[in-house]
Amino acid sequence: MTFLQIDFPALLVAVLAALAAALVGNILVLRRQALMGDALSHMVLPGIVAGYLISGSAHSWALVAGALAAGLIGAGLIAAARRLGGLDPATAMGVVLTALFAGGVLMLELSNTGNVHLDVEHALYGSLESAIWLYPNVWTDIFDPAGWAELPREAPLLAGALLLLGIAFLAAFKEIALVAFDPDYAAALGLPGWISDLLINAAAAIAVVAAFDAVGSILVIAMLICPAATARLLTNSLAAQVWASLGIAVGLAVGGYGLGVWAAPALGAPAALNAAGSMAVAGGAALGLAAAWRARLNRRRGRVLPG
Amino acid sequence: MSPEIRVVSSAAAIHDPVDAESPFDVSGLTVAYNQAPALWNIDYTAPAGALVAVVGPNGAGKSTFLKGALGLVPTVAGRAAAFGAPLGTMRRRIAYVPQRESVDWAFPATALDVATMGLYRKIGWLRPVRRRHREAALAALAELGMADFADRQIGQLSGGQQQRVFLARALVQDADLYLMDEPFAGVDAATERTIVALLRRLSAQGKTAIVVHHDLSTVREYFDAALLLNVRRIAAGPVAEAMTEANLQRAYGGRLAATQLTAAIG
């Protein structure tokens with residue numbers, strides 16, 4: 001087994017997941033909804049169980065479809081709880097995420113599939129290590145369409161999600177900035193809050209669901225928040241922040257993988273560390289460094305940290 | 001909400017026809033936050049081309065009045081009209097200036113970025129901002145003395161400069177009705193003069209401005225008409241008629257000092 005067959009597919013999946021998550025993360029960070037990713041990664045559980053029950057298989061597109069449906073329903077419920085129930089965003093999120101997650105657990109129990117799928121480890125850390133692509137033997141094989149069908153299932157799913165989110169982000173860039181900066185003004189102009197809530201939550205659900213299966217919930221949350229929050233500290237314009245977050249996302253995916261899989265054993269760890277875990281740790285470290293740099297810069301200029 | 005509240009105020013709204021002449025016509029507007037009424041059955045018809053001050057103590061529902069009319073907060077009852085049609089269908093002709101504190105000024109945007117937002121509706125949703133749009137926004141910033149600060153990140157502006165950016169964003173909309181929430185709050189003297197000049201210019205062009213205002217001593221000088229609120233409507237009309245000692249005492253519940261009262265009545 002070679003780099004091309006083991007490390008390359010894992011890196012490809014990690015980079016695609018990081019890019020999709022980081023893109024959406026920019027909106028969540030600016031809207032102070034950073035924990036939306038956490039909520040979404042829990043809310044998808046009933047959808048995954050439903051997909052499993054319908055398809056009868058633990059490795060099926062039905063699970064992804066179910067997760068996406070649950071994510072979108074959950075996002076809709078959060079928006080509705082905020083608008084109709086008058087709950088503050090954090091409360092709305094907390095109520096909906098626990099209700100849906102608990103509903104998923106109940107479904108598991110009632111359907112007697114509790115011991116079949118859904119091992120906790122997979123949900124937390126994902127399955128980057130099992131992303132294997134047997135086709136390529138030399139570098140040029142990567143570009144051979146004949147081999148693409150053998151790509152790990154996560155890769156085309158993530159590529160599709162990334163493409164969709166990228167197009168939506170480019171098309172709605174000015175609207176995203178408007179509703180993130182001044183939702184009241186946006187509503188006065190005729191762009192109601194419930195529409196932007198719903199679309200942004202749907203985008204987050206797509207990114208989370210697409211990335212969740214491959215990299216697990218810990219890395220999804222880290223990849224949603226760390227690149228965007230780090231870029232937020234390093235830049236002063238929205239476009240610069242978004243581009244920087246994408247660069248940081250790639251850097252964290254590759255750097256985290258190298259740290260866990262190559263550097264840790266070389267430094268005396270008994271085995272390679274979990275790749276998703278080391279990427280998430282790298283994300284936290286990058287954010288810490290950026291915060292320290294920003295604090296130093298602000299002290300020198302005598303200004304306060306951005307909000 | 002008790003059933004009576006809905007019946008009484010929606011009945012008022014049904015029986016009151018829309019004033020086709022008025023740029024801003026509200027009737028029966030009732031807003032509640034957590035069961036407590038923030039605004040109770042407000043009727044108000046603004047004269048065309050007037051500069052109107054919305055005056056009242058803290059918690060009187062002044063900001064809620066603008067937000068309820070614009071549909072930014074859920075209303076229990078009532079309706080708002082602009083230029084003889086439901087306000088929601090007239091958004092193209094309305095510019096809203098929110099309270100400066102309502103947004104995060106650390107947001108990664110320049111003064112020009114924010115001013116350009118005033119054109120988003122005209123540009124069209126999902127359509128790109130062109131150079132001519134940015135030039136129009138820059139001209140609006142220049143009109144408020146902010147041309148030199150166009151490329152500044154908004155967090156690096158003073159409170160008065162931030163307020164000017166908000167006003168430039170409203171100005172570039174080229175609206176006919178301006179709803180402003182506390183534009184004079186916490187601004188320097190130069191900015192205050194700039195805002196007054198802007199209001200006079202808008203009024204001279206026949207435009208209408210409804211302005212939430214906290215400084216009683218300047219109502220008479222800056223505005224043509226006043227609406228006194230304290231959850232309910234206390235008084236409305238030309239400044240001299242609305243801002244009487246009795247009305248002010250009713251609006252402020254006798255909490256006004258003699259000096260404030262003298263300054264307000266003039």
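Which residue's side chain meets that of Arg31(A) in a salt bridge? The partner is Asp197(A), with 2.9 Å from N to O. Before I go on, please keep in mind that this is a predicted model.

Over all chains, the structure holds eleven salt bridges.

Now the interface. How many salt bridges does the rule find across the interface of chain A and chain B? There are three. One of the salt bridges in the model joins the side chains of Asp184(A) and Lys67(B), at 3.9 Å from N to O.

Which helices of chain A supply the side that touches chain B? Helix 9 (173–181), helix 10 (183–189) and helix 12 (238–266) each give at least two residues. Helix 9 of chain A gives the most, with six residues. By class, the residues on that side of chain A are 14 nonpolar, five polar and seven charged.

As for extent, 26 residues of chain A and 30 residues of chain B take part in the contact. The size of an interface is often given as the accessible area lost when the parts come together. Here the area buried between chain A and chain B is about 2500 Å², and carbon and sulfur atoms give 64% of it. Of the area that chain A buries against chain B, 32% is supplied by Lys174(A), Phe181(A) and Tyr185(A), more than by any other three residues.

Next, a helix pair inside chain A. Two packed helices are described by the angle between their axes and the distance between the axes. For helix 3 (residues 45–55) and helix 5 (residues 89–110) of chain A, the angle is about 25° and the axes are 7 Å apart. The two helices are therefore roughly parallel to each other. Helix 3 of chain A makes the contact through Leu45(A), Pro46(A), Val49(A) and Ala50(A). From helix 5 of chain A, the contact residues include Leu100(A), Phe101(A), Gly104(A) and Leu108(A). The contact residues of the two helices comprise nine nonpolar, one polar and no charged.

Last, some backbone angles in chain B. Most residues other than glycine have a negative phi. Phe83(B), which is not a glycine, has a positive phi of about 55°, and is found in the loop between strand 4 (77–82) and strand 5 (85–86) of chain B. Glu182(B) also has a positive phi, near 55°. The loop that holds Glu182(B) runs between strand 7 (177–181) and helix 7 (189–204) of chain B.

Technical notes:
Residues numbered from 1 in each chain as written. Chains lettered and ligands numbered in written order. Predicted model: local features only at pLDDT ≥ 70, side-chain atom pairs only at ≥ 80, totals over all residues. Heavy atoms only, no water. Contact = heavy atoms within 4.5 Å. Buried area = accessible area lost by both parts, 1.4 Å probe. Salt bridge = Lys/Arg side-chain N within 4 Å of Asp/Glu carboxyl O. Helix = DSSP H or I, 4+ residues; strand = E, 2+ residues; numbered from the N terminus. Nonpolar A, V, L, I, M, F, W, Y, C, P; charged D, E, K, R; others polar. Axes fitted to C-alpha atoms, helices over the stretch in contact; angles between N-to-C directions. Parallel < 35°, antiparallel > 145°, perpendicular 65-115°, else oblique.
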